[in-house]
Amino acid sequence: MKRLRHVIRFSFIILSLLTQLFTSTAFAVDTSKENCTSSRLDHCNIIELNTNKYYGSNRPLIIFFPGANECNNLQKAIGFVRKYALYDDIEADVIVVALRTEGISHYDFRKVSDDLLDYLSDTYNSLTDDDKFPIIIDAVSFGGYGGCYLTDLLMKNNIWVEELNIADGRWAFCIPIDWVKQMALAGTKINVWGCHSSGKISVQTRELIDALDGSYNFYGEVLDSSHGEVLYTAIYENGLHSEWE
């Protein structure tokens, strides 16, 4: 009888561990090839997850803009997300964006943003206020302008952007400080994550952080990270997106 109790207890422990394992990962973002579908819009290509729901206040949509090395190659863009497992620990919908141009210009993101506005409008506007999904935009390096422009465009068209994360992605000539401040005042939480790199984009990102430190709806931090790993560090060491785990 005593041995039977030990067996039962051991079985219960194993069952509990398995339950925790599967419940903790059941809703994690899956960016495997099998769960990705690509679509061609007028000015960009996007990858959506087959598990995307586009529904519910407890399930955000994260739109990811990659940097210059990946921004016009969809497979490189999703490869960046996979490499750093950016969203593996959260429950969310994800769209990864890539330009459809061979050369790259920050102006290209304007037409891309128009595409995304059209793509999301019908779904978003068909939902009741209680069922609308939060929208988060993550923008890395060169993609910073795309993240800013899309945030501004969506908000002006009554599609609420909950949060914009600029990961070492501010070029001063196209992302003026006052523009970022106005987006924060309009209601979007703006997080700017920088690093200590001597590169021009990193220097100008730090200038933005210094200029808006303490401003309404703004948070900025310079991380101990390389330029390419700023978003990864913000997520895994600074708790970005942890509310969606």
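**Charged pairs and their surroundings**

Reply: Start with D129, which is exposed, with a relative accessible area of 66%. The model is predicted, so every value here is computed from it. D129 forms a salt bridge with K132. The closest N and O atoms of D129 and K132 are 3.5 Å apart. K132 has 18% relative accessibility and counts as buried. The cut-off for buried is under 20%, so K132, at 18%, falls inside it.

How many salt bridges does the structure hold? Five. Side chains of opposite charge can pair when their charged atoms come close.

Next, R59 and D93. Their side chains meet in a salt bridge, at 2.6 Å from N to O. The pair links distant parts of the chain, 34 residues apart. R59 sits in the loop between β2 (44-49) and β3 (61-65). D93 belongs to strand β4, residues 93-99.

The side chains of K156 and D152 meet in a salt bridge, with 3.3 Å from N to O. Both residues lie in helix α4, residues 144-156. They are four residues apart, about one turn of the helix. K156 is exposed, with a relative accessible area of 63%. D152, by contrast, is buried, at 17%. Elsewhere, salt bridges with shared partners join R59, E91 and D93 into one network.

α4 packs against helix α5, residues 177-186, at an angle of about 40°. The two axes are 11 Å apart. The angle makes α4 oblique to α5. α4 passes α5 in a left-handed crossing. Which residues meet there? From α4 come Y145, C148, Y149, T151, D152 and M155. From α5 come W179, M183 and A186. By class, this contact has seven nonpolar residues, one polar and one charged. The charged class takes in Asp, and D152 is on the α4 side of the contact.

α5 packs with helix α6, residues 200-212, at an angle of about 55°. Their axes are 10 Å apart. That makes α5 oblique to α6. The crossing of α5 and α6 is right-handed, whereas α4 passes α5 in a left-handed one. On the α5 side, I177, V180 and K181 meet L208, A211 and L212 of α6. The residues of this contact divide into five nonpolar, no polar and one charged. Lys counts as charged, and K181 is among the α5 residues here.

A68 lies in the loop between β3 and α2 (74-83). A68 counts as partly exposed, at 35% relative accessibility. Which residues does A68 touch, not counting residues up to four places away in sequence? I104 and F142. The C-alpha atoms of A68 and S105 are separated by 9.6 Å. Along the chain, A68 and S105 are 37 residues apart.

Key. Residues are numbered from 1 along each chain as its sequence is written. This is a predicted model: local features need pLDDT of at least 70, side-chain atom pairs count only at pLDDT 80 or more; totals for chains, interfaces and linings use all residues. Side-chain values use heavy atoms; hydrogens and water are left out. A salt bridge is a side-chain nitrogen of Lys or Arg within 4 Å of a carboxyl oxygen of Asp or Glu. Helices (H or I, at least four residues) and strands (E, at least two) are DSSP runs, numbered from the N terminus. Buried means under 20% relative accessible area, exposed over 50%, partly exposed in between (1.4 Å probe, protein chains only). Axes are lines fitted to C-alpha atoms, for helices over the stretch in contact, and angles run from 0 to 180 degrees between N-to-C directions. Angles under 35 degrees count as roughly parallel, over 145 as roughly antiparallel, 65 to 115 as roughly perpendicular and the rest as oblique. A crossing is left-handed if the near helix is turned anticlockwise from the far one by less than a right angle, and right-handed if clockwise. Contact means heavy atoms within 4.5 Å.
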